[in-house]
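Colleague: I am new to reading protein models. Could you take me through one, feature by feature?

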Amino acid sequence: MNIKAKEAQLPISNAQIVNIKVSKAKKYIPSIICSILLILIGEILSSGFASMHNISNILNLSSILAIAAIAQTLVVLTGKEGIDLSVGAVMSMGALFGPLFSQGVNSNLWYSFIILAIIGGAVGFLNGFGVQIIGIPPLVVTLIMSSVVN
């Protein structure tokens, strides 16, 4: 870049930077207002809904769904037409079999995690086998696997 081109570029002022950030943040305002309204309605209908203990529990439970949503987003972004409909069923299976394999003993949790990872991997392998080798559409394979796992 030559010197005249550098002189032609005007620096962006702090006010312009703030204006850009505010304009980008405006699109989130309806979501924030709706979230606040839902919390207020929940508190009106059930006393203690907006307590820190309850909000902490909700965030803990939703973190598991957030992990599944991130994984599902990766499947949709990297796949041509695929979406995995068996995720919910496999997660439910893990929630049911986890305590069974650990037998209620905390020292057995690692064994339970390993067994559940192997079972989840087997379900994923069967889904992949149906899609890649047999040639069944991913929507159909994962819907069938969801029914089988349930």
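This is a predicted model: local features need pLDDT of at least 70, side-chain atom pairs count only at pLDDT 80 or more; totals for chains, interfaces and linings use all residues.

Colleague: Let us start with the fold. How many helices and strands does the chain have?

Modeller: Seven helices and zero strands. Along the sequence, the pattern reads α-α-α-α-α-α-α.

Colleague: What share of the chain counts as buried?

Modeller: The chain has 150 residues, and 14% of them count as buried. Take the contacts in the chain with a separation of 6 or more: 39% of them join residues 24 or more positions apart.

Colleague: Now the helix pairs. How do I describe two packed helices?

Modeller: Two packed helices are described by the angle between their axes and by the distance between those axes. The crossing is right-handed.

Colleague: Which residues of helix 5 and helix 6 meet?

Modeller: From helix 5 come Val90, Met93, Gly94, Phe97, Gly98, Phe101 and Ser102. They meet Leu109, Ser112, Ile115, Leu116, Ile119, Gly120 and Val123 of helix 6. By class, this contact has nine nonpolar, five polar and no charged residues.

Colleague: At what angle do helix 6 and helix 7 pack?

Modeller: Helix 6 spans residues 109-134 and helix 7 spans residues 138-149. They pack at about 145 degrees, with axes 9 Å apart. This crossing is right-handed. Helix 6 brings Val123, Leu126, Asn127, Gly130 and Val131 to the contact. Helix 7 brings Pro138, Val141, Thr142, Met145 and Val149. The count is seven nonpolar, three polar and no charged residues.

Colleague: Next, the core. What is the general idea?

Modeller: In soluble globular proteins, nonpolar side chains tend to be buried together.

Colleague: Which residues make up the largest nonpolar core here?

Modeller: Five residues: Ala89, Met93, Val123, Met145 and Val149. Look at Ala89 in particular. Beyond its neighbours up to four places away in sequence, Ala89 touches Ser146, Val149 and Asn150.

Colleague: Why does Ser86 count as buried?

Modeller: Buried means under 20% relative accessible area. Ser86 has 2% relative accessibility, so it counts as buried. Its side chain makes a polar contact with the side chain of Asn127, at 3.2 Å. Leaving aside neighbours within four places in sequence, Ser86 is in contact with Asn127, Thr142, Met145 and Ser146.

Colleague: Is Asn108 buried or exposed?

Modeller: Asn108 counts as buried because its relative accessibility is 18%. Asn108 is in the loop between helix 5 and helix 6. Apart from neighbours within four places in sequence, Asn108 is in contact with Phe101, Ser102 and Gln103. The C-alpha atoms of Asn108 and Gly98 are separated by 10.0 Å, and these two are 10 residues apart along the chain.

Colleague: One last residue. Is Leu100 buried or exposed?

Modeller: Leu100 is in helix 5. At 54% relative accessibility, Leu100 counts as exposed. Leu100 and Ser112 are 12 residues apart in sequence. From C-alpha to C-alpha, Leu100 and Ser112 are 8.3 Å apart in space.

How values were computed. Residues are numbered from 1 along each chain as its sequence is written. Side-chain values use heavy atoms; hydrogens and water are left out. Axes are lines fitted to C-alpha atoms, for helices over the stretch in contact, and angles run from 0 to 180 degrees between N-to-C directions. Helices (H or I, at least four residues) and strands (E, at least two) are DSSP runs, numbered from the N terminus. A crossing is left-handed if the near helix is turned anticlockwise from the far one by less than a right angle, and right-handed if clockwise. Contact means heavy atoms within 4.5 Å. Ala, Val, Leu, Ile, Met, Phe, Trp, Tyr, Cys and Pro count as nonpolar, Asp, Glu, Lys and Arg as charged, and the others, Gly among them, as polar. A nonpolar core is a set of buried Ala, Val, Leu, Ile, Met, Phe, Trp, Tyr and Cys residues joined through side-chain atoms within 4.5 Å. Buried means under 20% relative accessible area, exposed over 50%, partly exposed in between (1.4 Å probe, protein chains only). A polar contact is a pair of N or O atoms within 3.5 Å; within protein, one must be able to donate a hydrogen and the other to accept it, and residues adjacent in sequence count only if both atoms are side-chain atoms.
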